[in-house]
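Please prepare a briefing on the model shown below, with the main points grouped by topic.

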Amino acid sequence: MSTESPGRPAPSWALPRAAAGRARLGRLALYGFAAATALDLGSLLADWHLGHVIAKPLLMPLLAAYAITRGAPRLLVAALLFGWGGDLALLFDAEAAFLVGMGSFAVGHVCYLVLFGKRPANPLLGGAYTLALLGTVALLWADLPADLRIPVAVYSLLLTAMAFRSSALGPRAGIGGALFLLSDTLIAGGVAAWPQLPRPDFWIMATYVAAQYLLATGATPREAGVR
């Protein structure tokens with residue numbers, strides 16, 4: 001039986017080993033995330049649906065694992081996992097699944113907003129995002145199914161607020177927020193039956209994965225001083 005008290009700190013020689021172990025796990029998670037991203041995007045380009053179904057559910061758990069090894073705040077991990085919930089829902093081609101996915105992403109955006117806190121952001125950028133929000137919703141409104149108009153408008157407000165507030169953490173997170181907005185705008189354009197880029201799913205996933213990676217790495221203590 002050990003005579004050490006439960007609150008006794010670990011020996012000093014054990015700390016470097018623990019840090020090295022976390023770093024190794026972090027690298028494995030990051031390599032796994034990169035491999036899953038390559039498989040997913042390659043599958044979309046090759047029109048291999050099974051590859052997309054296999055790879056997409058792996059993305060956010062691996063990114064969350066990587067973020068945890070770097071000291072990610074709990075709200076960041078929660079945002080990534082709610083993104084994972086949205087990813088899973090959007091694998092199903094049904095309006096109910098679309099609404100569930102949008103709801104899961106919306107909760108993730110709330111997590112991001114709380115995480116970003118009250119740090120100051122550029123008001124001119126806020127004005128630009130406001131104009132983008134109003135213009136996009138106005139253009140989408142008539143082309144969206146009637147039962148999706150209000151949910152999409154509310155979601156768009158949350159998403160735009162998250163994109164704007166992400167800039168308070170610096171350029172990395174700010175670009176991530178902007179790419180998230182772009183990715184979801186491409187989805188909304190597809191729902192509204194607007195003209196699409198070639199391989200639209202590829203561009204949606206490419207911008208989304210980049211967005212989540214930049215947000216995750218821009219909102220960790222090592223990058224942005226978030227605690």
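## Briefing on the predicted model

The side chain of arginine 70 makes a polar contact with the side chain of tyrosine 66, at 3.3 Å; a polar contact is a pair of N or O atoms within 3.5 Å, where within protein one must be able to donate a hydrogen and the other to accept it, and residues adjacent in sequence count only if both atoms are side-chain atoms. This is a predicted model, in which local features need pLDDT of at least 70 and side-chain atom pairs count only at pLDDT 80 or more, while totals for chains, interfaces and linings use all residues. Residues are numbered from 1 along each chain as its sequence is written, and side-chain values use heavy atoms, with hydrogens and water left out.

**Overall make-up and confidence**

- The chain has 9 helices and 0 strands, where helices (H or I, at least four residues) and strands (E, at least two) are DSSP runs numbered from the N terminus.
- Of the 227 residues in the chain, 42% are buried; buried means under 20% relative accessible area, exposed means over 50%, and partly exposed lies in between, with a 1.4 Å probe and protein chains only.
- Among contacts with a separation of 6 or more, 72% are accounted for by residues 24 or more positions apart, a contact being heavy atoms within 4.5 Å.
- The mean pLDDT of the chain is 90, and 89% of its residues reach 70 or more; pLDDT is the predictor's confidence in each residue, from 0 to 100.

**Individual residues**

- Arginine 70 sits in the loop between helix H2 (49–69) and helix H3 (74–89), and arginine 70 counts as buried because its relative accessibility is 11%.
- Histidine 52 is found in helix H2 and is buried, because its relative accessible area is 11%.
- Leaving aside residues up to four places away in sequence, histidine 52 touches Asp40, Ser43, Leu44, Pro57, Leu91 and Met205.
- Histidine 52 and leucine 91 are 39 residues apart in sequence, and their C-alpha atoms are 9.0 Å apart in space.
- Serine 43, in helix H1, is buried with a relative accessible area of 2%, and serine 43 touches Trp48, Gly51 and His52 when residues up to four places away in sequence are not counted.
- Glycine 21 also has its place in helix H1 and counts as buried at 17% relative accessibility.
- Glycine 21 and threonine 69 are 48 residues apart in sequence and 9.3 Å apart in space, C-alpha to C-alpha.

**Pockets**

- The largest pocket holds about 780 Å³ of space; on a 1 Å grid over the protein atoms alone, a pocket is an open set of points with protein on both sides within 12 Å along at least five of seven lines, a cavity is a set of points where a 1.4 Å probe fits but cannot get out, and lining residues have an atom within 4 Å of a point.
- Grid points are joined across faces, edges and corners, and a volume is the space filled by probe spheres set on the points.
- The largest pocket is lined by 32 residues, of which His52, Lys56, Leu90, Asp201 and Ile204 lie nearest its centre.
- Two or more residues of that lining come from each of helix H1 (14–46), H2, helix H4 (95–116), helix H7 (171–191) and helix H8 (200–218), and H7 gives the most, with 7 residues.
- By class, the lining of the largest pocket has 18 nonpolar, 6 polar and 8 charged residues; Ala, Val, Leu, Ile, Met, Phe, Trp, Tyr, Cys and Pro count as nonpolar, Asp, Glu, Lys and Arg as charged, and the others, Gly among them, as polar.
- The second largest pocket has a volume of about 280 Å³, and of the 20 residues that line the second largest pocket, Tyr155, Leu159, Asp184, Thr185 and Ala188 are the closest to its centre.

**Cavity**

- The structure holds 1 cavity of 30 Å³ or more, and the largest cavity has a volume of about 30 Å³.
- Leu186, Gln196, Leu197, Pro200 and Trp203 line the largest cavity, a lining that divides into 4 nonpolar, 1 polar and no charged residues.
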